[in-house]
Amino acid sequence: MSLLDAPSTIAPTLTSSLSGRQRTLASTASTTGVALHSGVRVKITLKPAPIDSGIVFRRVDMTPARDIPARAELVKETRLATTLVLDDAKVATVEHLLAACVGCSIDNAIIELDNLEVPIMDGSAAPFVFLIEQAGIAEQAAPRKFIEVIQPIRVETGDKFAQLLPSDHFEVDFTIDFSHPAIPDDQCRVQMRLDPAEFLDHISRARTFGFSYEADMLRAIGLAQGGSMENAVVLDEFKILNREGLRFANELARHKVLDAVGDLFLLGHRIQAKYHAYKSGHDLNNKLCRALMAQPDAWRWAS
Ligand SMILES: [Zn+2]
């Protein structure tokens, strides 16, 4: 473990007292950040929510305000981020915030936004973990239910796949195919047991990434207007362009795990399974959630 691999300083309050009860926020916390695609500033406010309400996004810029539950069946776009659509309301780039909720064991929360994108912050889940820490965490008087996978579920497209396998805990095995001079082959895989503390220490700070030529193309069609080296690892064909370099040697693979943790939380509950994937992304992750929901004998409730 290099110095870069040292765990971040996450408050112990976030990971201690992990009883089997549901949790929400103890108070309200807000921040503002840039929307990756539109480039506008977005205000985000985290608020407590009742037992069994799950994570609900609320578009307060619409009249009346629209609620969009964080549910896999509402995912309508997956090209650059996971986007939920309910009737005339949309909320994009939900995955990093949802991953932070998993890492902090938050079950129920209202996420108010005054625009259609969750702000990108630094491209990782760490700023949202910090925001949750500011709001504080409150236990609720009801048990948390898990989805326990009891039969393998697999989805694939070409050589890409994502699968859930029975396991007595949540674990991940993710491989990216990223032949690039700055990313050695042995830094393209993450294989670990992933409880909330491990997520916070090893995954939450991993940033999203992209190529400089892709960013130029996206900007030309009106996307990625807010993208910069402040909120992504940016590579050209030879090297990493960010002056600070990577936060972890396998930061890119770790970020794909972060995305998967957020995407899988769209099941509405944490899962107990081994998530095994090769070159998966938002689209396959969503197909995996839908495949699991479509096969009721492949899982059961656990607490
Ligand atoms: Zn991401």
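The model is predicted: local features require pLDDT of at least 70, side-chain atom pairs count only at pLDDT 80 or more, and totals for chains, interfaces and linings use all residues. Residues are numbered from 1 along each chain as its sequence is written.

**Domains**

Select residues 3–143 as domain 1 and residues 146–302 as domain 2; these bounds come from an automatic or database domain assignment. The C-alpha centres of domain 1 and domain 2 lie 18 Å apart. Next, select the contact between them, to which domain 1 gives 42 residues and domain 2 gives 36 residues. Two residues are in contact if their C-beta atoms, placed from the backbone, lie within 7 Å.

On the domain 1 side, colour α1 (12–15), α2 (95–103) and α3 (126–135), the elements that give two or more residues to the side touching domain 2. Helices (H or I, at least four residues) and strands (E, at least two) are DSSP runs, numbered from the N terminus. The largest share of this side, eight residues, comes from α2. By class, the side of domain 1 that touches domain 2 holds 25 nonpolar, 13 polar and four charged residues. Here Ala, Val, Leu, Ile, Met, Phe, Trp, Tyr, Cys and Pro count as nonpolar, Asp, Glu, Lys and Arg as charged, and the others, Gly among them, as polar.

**An antiparallel sheet**

Move to the open sheet of three strands in the order β6-β7-β8, with antiparallel pairing. Two strands pair if DSSP finds at least two bridges between them. At the edges are β6 (75–77) and β8 (89–91), each pairing on one side only. Neighbouring strands of this sheet are turned by 40 degrees against each other on average, direction ignored. Zoom in on β6 and β7 (residues 83–86), which are joined by two bridges; E77 stands opposite T83 in β7.

**A mixed sheet**

Select the three strands of a second open sheet, ordered β18-β11-β20, whose pairing is mixed. Both β18 (271–272) and β20 (299–302) stand at the edges with a single partner strand each, so one side of each is left without a neighbour in the sheet. Strand β11 (residues 146–149) pairs with β18 in the parallel sense over two bridges. Display E148 together with its bridge partner in β18, Q272.

**A loop residue**

Finally, select R243 in the loop between β17 (233–235) and α6 (251–264). Is R243 buried or exposed? R243 is exposed, because 6 other C-beta atoms lie within 10 Å; a residue is buried if 20 or more other C-beta atoms lie within 10 Å of its own, exposed if 12 or fewer, and partly exposed in between, with C-beta atoms placed from the backbone.

Key. Axes fitted to C-alpha atoms, helices over the stretch in contact; angles between N-to-C directions.
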